[in-house]
Amino acid sequence: MKTAALPLLLIVIVAFQLAQSFRPPCQCTAFDRHCWPDSQSWATFNASIDGKLIRVVPPASPCHDPAFNRRACREARQRWSFPFWRADQPGAMQASNWESNGITDRCSIDSPRNSTCSQGSVPIYTVAARKASHIQAAVGFAAARNLRLVVKNTGHDYLGRSTAAGALSIWTHQMKSMRFHHRFLPRGCSRRSKDATYLPAVTVGAGVQWEELYQAVFDRKFVIVGGGSSSVGAAGGHPQGGGHSPLSPTFGLAADNVLEFSVVTADGSLVVANRCQNQDLYWAMRGGGGGTFGIAVTATHRLYPALDSLVFAQYNLSTPDKPSFQRTLARFTELHPSLERAGWAGTFAITNTTGLTLSCRDVDTANTGIATAGIPLLLASRLIPRTTVAYSPGNLAEVMVRIRELFPRVSLTGVFVGGGAVSRDDRDNAVNPAWRRALWHVILGRSWSDGDDRAEQRARAELSAANAMLIDLTPGSGAYGNEADFSEPQWQESLFGEHYTRLLAIKKRVDPAGIFRCHHCVGSEEWSEDLLCATR
């Protein structure tokens with residue numbers, strides 16, 4: 001570690017110790033001139049991190065005066081909806097609504113060149129981290145100055161957890177290391193232990209995306225449990241939040257297959273978390289949610305031998321009227337337990353009240369489809385228990401058709417990635433226990449016209465109303481935290497289930513000052529709605 005960064009790390013250790021007995025009432029943002037660092041402080045900090053501090057601008061800023069740049073503007077317009085381009089922009093989120101801070105504080109790609117381009121919810125500065133010491137120094141600086149801190153890789157976040165107005169951001173996207181292990185043994189585990197296991201694995205840096213990893217894994221004749229959207233990060237919120245995959249019924253969730261993390265914790269330490277050391281942190285970071293317990297520097301994923309075959313089937317079903325469609329959907333639902341036993345996984349989308357698009361596969365090395373990006377989008381989700389699918393197929397079909405009928409602008413996608421290996425109840429991690437009981441994961445989506453405040457309010461209301469219908473159908477189940485409703489009711493129980501009490505205890509121990517905080521993340525109930533001020 002360079003000596004320039006050392007004083008900052010010493011400062012954060014002292015700040016962390018003080019936090020044991022003192023919690024500042026509110027975090028500082030760029031809007032608080034009395035506490036926001038001056039230019040000299042930022043320059044000194046930048047020198048300590050090898051010049052990796054970036055002044056962040058909204059992704060549409062090159063299309064507006066006074067920063068207008070014809071070439072950059074043309075590129076932004078052409079690639080606005082391309083998720084890999086958005087991942088490469090430090091100020092961009094995959095869903096553009098999270099770049100705005102209200103109807104007026106925003107920067108639109110569609111507005112005239114001379115219109116106002118505001119910062120919105122885009123952080124003021126970001127540390128473009130290349131190594132762990134950059135992250136450590138950034139955490140130290142934020143803790144010592146009591147700054148609002150957020151963490152981002154690709155911006156695949158539909159709860160606004162990776163960005164905040166007036167904040168300092170840590171951007172891990174450039175940490176692209178990748179190391180394969182023929183026989184991986186977690187660090188600190190004894191090679192002579194009777195339960196020592198040696199597994200093929202790959203250790204990836206915090207900025208690696210599934211697209212990059214899928215290709216490298218495929219070239220080595222392995223498969224890996226990863227995200228359906230290949231532009232998602234492989235070490236951050238996806239595996240830390242659980243992480244479903246077309247391979248999940250065969251091998252489990254992504255969180256079930258993480259063998260080790262290296263983590264920067266709230267006190268600025270770089271620690272290893274696995275089954276042999278920092279076991280509570282390891283348990284919490286496999287399913288307890290990203291942006292909460294520390295910042296992953298690397299994650300080590302288990303690999304599996306390449307599968308011998310790939311069977312894929314796609315069906316488009318349509319019926320002449322709603323009653324016959326509902327009966328068809330009920331029959332499809334009724335058949336699903338047998339599909340699970342045969343090893344199938346896949347997705348389906350109800351396009352209207354008479355049509356169904358069904359895409360099924362029994363195995364899949366990767367899904368490299370490109371998801372829609374660059375539009376305002378909110379999601380909600382519900383984990384549909386095996387009992388509901390098996391014993392109430394008619395009720396489930398009726399509710400799904402009813403949602404599409406009442407809320408035609410709300411999309412409905414079913415992801416059958418539960419059951420099989422996901423349902424094993426011996427997984428010792430923080431994954432929402434509702435996953436172990438689920439066969440389906442139903443995702444609701446709602447978009448609207450960018451910049452239309454009333455349309456956004458209607459979208460939020462419609463999405464929550466549709467989600468309530470699924471909640472009423474499945475009492476005692478839960479939601480997938482990475483694709484949950486921003487207004488999810490009773491979110492502690494819904495997103496974390498019976499694990500919440502233990503997760504909160506771990507959170508208070510590893511981050512007592514709440515340096516890492518985000519919407520509907522463990523411990524967030526102790527902060528104001530904007531997450532700036534303590535309420536307890």
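A disulfide is a pair of cysteine sulfur atoms within 2.5 Å. The model is predicted, and the structure holds six disulfides.

**Disulfides**

- Counted along the chain, the bonded cysteines follow the pattern 1-12, 2-3, 4-5, 6-7, 8-9, 10-11.
- Cysteine 26 is joined to cysteine 533, with an S to S distance of 2.0 Å. The torsion about their S-S bond is about 110°, so this disulfide is right-handed.
- Distant parts of the chain are linked by this pair, 507 residues apart. Cysteine 26 sits in the loop between helix H1 (6-19) and helix H2 (39-48), while cysteine 533 belongs to the segment after helix H16 (500-510).
- Cysteine 26 is partly exposed at 35% relative accessibility, and cysteine 533 is partly exposed at 23%.
- The link of cysteine 63 and cysteine 73 is right-handed, with 110° about the S-S bond. Cysteine 63 is in the loop between strand S1 (53-55) and H3, and cysteine 73 is in helix H3, so the link ties together parts ten residues apart in sequence.
- Cysteine 63 is buried, with a relative accessible area of 1%. Cysteine 73 is also buried, its relative accessible area being 6%.
- A disulfide also joins cysteine 189 to cysteine 276, with an S to S distance of 1.9 Å. This link is right-handed, at 105° about the S-S bond.
- Cysteine 189 lies in the loop between S5 and S6, and cysteine 276 in the loop between S9 and helix H9 (279-285); the pair therefore ties together parts 87 residues apart in sequence.
- Cysteine 189 is buried at 10% relative accessible area, whereas cysteine 276 counts as partly exposed at 29%.

**The five-stranded sheet**

- Five strands make an open sheet in the order S5-S6-S10-S8-S9, and their pairing is antiparallel.
- Strand S5 (178-184) and strand S9 (270-273) are the edge strands. Each has a single partner strand, so one side of each is left without a neighbour in the sheet.
- From one strand to the next, the twist averages 20°.
- Four bridges hold the antiparallel pairing of strand S8 (residues 258-264) with S9. Valine 264 has leucine 270, in S9, as its bridge partner.

**Helix H6 on the sheet**

- Helix H6 (residues 210-219) packs on the sheet and touches S5, strand S6 (199-205) and strand S10 (295-302). The direction of H6 makes about 45° with that of S5.
- The buried residues of H6 are Trp210, Leu213, Tyr214, Ala216 and Val217.
- The cover over these buried residues includes S5, S6, strand S7 (222-223), helix H7 (237-240) and S10.

**Salt bridges**

- The structure has a count of 21 salt bridges.
- The side chains of glutamate 75 and arginine 79 meet in one of them, at 3.9 Å from N to O. Both residues lie in helix H3 (residues 70-79), four residues apart, which is about one turn of the helix.
- Glutamate 75 is partly exposed, with a relative accessible area of 35%. Arginine 79 counts as partly exposed at 33% relative accessibility.
- Aspartate 256 and arginine 427 form a salt bridge whose closest N and O atoms are 3.7 Å apart.
- Aspartate 256 is in the loop between helix H8 (248-251) and S8, and arginine 427 is in the loop between strand S16 (410-416) and helix H13 (434-437), so the pair ties together parts 171 residues apart in sequence.
- Aspartate 256 is buried at 11% relative accessibility, and arginine 427 is buried at 18%.
- A network of salt bridges links Asp256, Arg427 and Arg436.
- Arginine 424 forms a salt bridge with aspartate 426, with the closest N and O atoms 3.1 Å apart. Arginine 424 is partly exposed, with a relative accessible area of 41%.

How values were computed: Residues are numbered from 1 along each chain as its sequence is written. This is a predicted model: local features need pLDDT of at least 70, side-chain atom pairs count only at pLDDT 80 or more; totals for chains, interfaces and linings use all residues. Side-chain values use heavy atoms; hydrogens and water are left out. Two strands pair if DSSP finds at least two bridges between them. Helices (H or I, at least four residues) and strands (E, at least two) are DSSP runs, numbered from the N terminus. Axes are lines fitted to C-alpha atoms, for helices over the stretch in contact, and angles run from 0 to 180 degrees between N-to-C directions. Contact means heavy atoms within 4.5 Å. A salt bridge is a side-chain nitrogen of Lys or Arg within 4 Å of a carboxyl oxygen of Asp or Glu. Buried means under 20% relative accessible area, exposed over 50%, partly exposed in between (1.4 Å probe, protein chains only).
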